[in-house]
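Student: I have a model open and want to go through it piece by piece. Can you take my questions as they come?

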Amino acid sequence: MGMRKVAIVGVGQLPFRTRYPEKMYTELAFDAVKAALEDAGLTHKDIDSAVYSVYCDALMRQSTSDLIIHDYLGLNGKPGVRVADGAASSAYATRVGYNEVASGMSEIVLVVGVQKSQDVIDLQTMHRGDAIFQAESQTADVIWENPFTIYPWGLVLSAHIAKYHTPTEEQIAKVAIKNHHNAMDNPNAQLHMELSLEGVLNSRIIGWPTTMYESCLYGESAAAVILASEERGKEITEKPIWITGIGSCHHNSTTEMNLENAGRLWAVYGAATQAYKMAGISNSIHELDLVELNDLTAGIEIISYEELGLCPLGKGGRLVDEGTVEKTGQLPVNPSGGRIANGHIAGVSGVHSVGEVALHLREEAGKRQVKIRSGRGMVSTLGGGYAGLSAAVILER
Amino acid sequence: MDHKEYFETSDKFEVNYLFSYGGISRFFREIVENRKIFGTKCPKCGKVYCPPRSNCSNCYVSTEWVPLDGKGTVIAAVYCYWVPANWIGLKYVDLPFINALIRLDGADTCLGSVVIVEDMTLNKKVKQGTRVKIKFREKREGKISDFYFVLDED
């Protein structure tokens with residue numbers, strides 16, 4: 001391709017929390033960036049360019065927040081750009097940062113995602129969660145999805161089940177149990193809670209078949225990675241982690257659905273296919289050591305196995321039943337706990353996951369460390385109205 | 001910082017819209033004035049869009065309005081049990097409600113709406129393949145909530 005190699009040389013993650021009332025978004029971004037720079041042994045003066053992932057302005061109570069963050073980080077005068085693509089934002093941002101280094105335009109690029117979500121409040125219920133939904137309501141298509149298509153990924157899941165008769169309610173619950181169990185070893189996780197099959201199936205139902213414990217959390221956080229060219233990367237660290245594949249795909253998953261090909265997450269498929277091609281991966285289940293993906297719901301995780309080519313279409317449930325995707329299995333998926341137990345916030349989850357996979361490949365993931373055999377890991381993200389946004393990243397050591 | 005140490009204050013952000021539907025205005029005018037549902041058809045490839053588009057995304061030419069009979073097939077259905085407290089949809093439906101992707105007869109794309117049925121037994125009356133037909137609400141304001149679907153038992 002004529003592009004340069006790109007390394008991840010610094011990782012900074014903050015825990016996912018329901019709320020960080022003691023921090024404004026500038027302060028959260030600062031904490032994540034400072035941690036990433038310290039990890040890399042660099043200072044902010046070494047940064048050539050910054051890519052910001054900040055998702056929803058209404059939640060942030062600020063548009064064009066990237067300028068304010070850039071100034072706060074002491075980067076005035078340097079290039080900055082903002083990426084906002086739903087829950088997949090920061091993986092898209094990683095792709096933008098990657099291109100800056102790969103093209104030779106920059107040597108060291110900061111990718112940082114930050115999001116506040118709990119500064120909003122519903123004055124009738126005095127609950128913040130209700131207000132979050134409202135603040136984010138323009139994510140979906142305001143003419144054609146709002147108000148009734150409140151769970152666009154639920155439509156994909158329901159269509160998938162109608163066509164393939166999987167995943168079953170039990171398989172979906174097992175994914176929730178797996179991810180909650182994995183999160184117990186993750187100090188960054190928002191929720192540390194073991195679940196039982198009964199507990200998951202009997203928890204409040206949101207949209208069939210998804211129950212409360214099978215739905216992603218939502219909160220606040222920030223995360224950052226430092227990208228560097230091969231030359232600088234090798235100077236900076238003994239453990240550069242290379243980005244060898246990257247893909248992004250906008251694909252409306254619902255408007256074109258028909259009975260013949262119902263229940264597909266086209267964006268996830270598209271982004272993964274591009275990333276695999278670039279990384280030279282043809283049999284992902286044998287060539288990856290871990291995957292961190294956006295389990296917006298546990299059922300969506302199972303469909304994602306299929307879209308990522310870990311198994312044929314309609315066979316995702318079997319990977320759950322056979323334990324393949326458990327932390328001790330052939331290909332651990334979401335050893336961090338994923339979106340439903342580690343945490344989720346659009347704007348941050350993608351770059352948090354990129355850093356997470358990098359830590360595993362460095363074998364610095366602490367108690368949640370998975371076995372590294374092939375030295376490759378993958379991040380897959382999903383978001384947006386129409387379940388239509390996805391970016392994927394493949395990392396290699 | 002201890003949680004008692006941070007200082008909170010309030011603010012409000014309120015915006016009212018009086019927005020235009022531009023090139024697809026006819027879709028909503030026909031619903032409000034004539035209780036009719038239309039799609040748009042590409043004169044080149046023949047693809048019919050509903051929801052309508054004034055341009056064909058494949059051929060990059062202008063589309064033409066075509067009337068649809070309002071009957072269709074459910075492609076996907078979600079039985080929704082939980083919504084946020086202030087959800088605007090509660091003006092139009094009770095919980096649980098069925099959100100469905102419907103492919104109208106004559107159209108090549110899917111429209112999201114609700115299907116209202118007596119028997120709400122899960123996946124019984126409304127599921128993939130169910131035939132439905134459109135119904136218009138008494139009060140229509142030019143929004144997707146102006147109509148809903150019921151079983152087409154003819």
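Student: How much of chain A counts as buried?
Tutor: Of its 397 residues, 63% count as buried. Buried means under 20% relative accessible area, exposed means over 50%, and partly exposed lies in between, with a 1.4 Å probe and protein chains only.

Student: Before I go on, what sort of model is this, and what cut-offs apply?
Tutor: This is a predicted model: local features need pLDDT of at least 70, side-chain atom pairs count only at pLDDT 80 or more, and totals for chains, interfaces and linings use all residues. Residues are numbered from 1 along each chain as its sequence is written, chains are lettered from A and ligands numbered from 1 in the order in which they are written, and side-chain values use heavy atoms, with hydrogens and water left out.

Student: Fine. How many helices and strands in chain A?
Tutor: Chain A has 15 helices and eleven strands. Helices (H or I, at least four residues) and strands (E, at least two) are DSSP runs, numbered from the N terminus. The radius of gyration of chain A is 19 Å, close to the 21 Å from the globule rule for 397 residues, so chain A is as compact as a globular protein of that length. That radius is taken over C-alpha atoms, and the globule rule is 2.2 Å times the number of residues to the power 0.38.

Student: Now strand E4 of chain A. Why call it enclosed?
Tutor: Eight of the eight residues of E4(A), residues 108-115, are buried, so the strand is largely enclosed by the rest of the structure.

Student: Which residues point which way?
Tutor: A:Ile108, A:Leu110, A:Val112 and A:Val114 point one way from E4(A), while A:Val109, A:Val111, A:Gly113 and A:Gln115 point the other way; all are buried. In a regular strand the side chains alternate between the two faces of the sheet.

Student: What does E4(A) pair with?
Tutor: E4(A) pairs with strand E2 (residues 49-53) of chain A in the parallel sense, over five bridges. One bridge joins A:Ala50 to A:Leu110. E4(A) also pairs with strand E7 (residues 221-229) of chain A, in the antiparallel sense, over eight bridges. There A:Val112 stands opposite A:Ala224. Two strands pair if DSSP finds at least two bridges between them.

Student: Switching to helix H7 of chain A. Does its length work out, or what span should it have?
Tutor: The 15 residues of H7(A), 169-183, should span 21 Å at 1.5 Å a residue, and the end C-alpha atoms are 22 Å apart, which agrees. The expected span is 1.5 Å times one less than the number of residues.

Student: What covers its buried residues?
Tutor: The cover includes helices H6 (152-164), H8 (197-202), H12 (298-307), H13 (316-321) and H14 (338-341) of chain A. Among the buried residues of H7(A) are A:Ile172, A:Lys178 and A:His180.

Student: Next, A:Thr211. Buried or exposed?
Tutor: A:Thr211 counts as buried, at 4% relative accessibility. Its place is in strand E6 (residues 210-211) of chain A.

Student: What does its side chain reach?
Tutor: The side chain of A:Thr211 reaches the backbone oxygen of A:Val200 at 2.9 Å and makes a polar contact with the side chain of A:Ser203 at 3.2 Å. A polar contact is a pair of N or O atoms within 3.5 Å; within protein, one must be able to donate a hydrogen and the other to accept it, and residues adjacent in sequence count only if both atoms are side-chain atoms.

Student: On to chain B. What is in it?
Tutor: Chain B has one helix and eight strands.

Student: Last one: where is B:Lys47, and what does it touch?
Tutor: B:Lys47 is in the loop between E1 and E2 of chain B, and is buried, with a relative accessible area of 14%. Not counting residues up to four places away in sequence, B:Lys47 touches residues including A:Glu256, B:Asn58 and B:Asp108.

Note on methods. Contact = heavy atoms within 4.5 Å.
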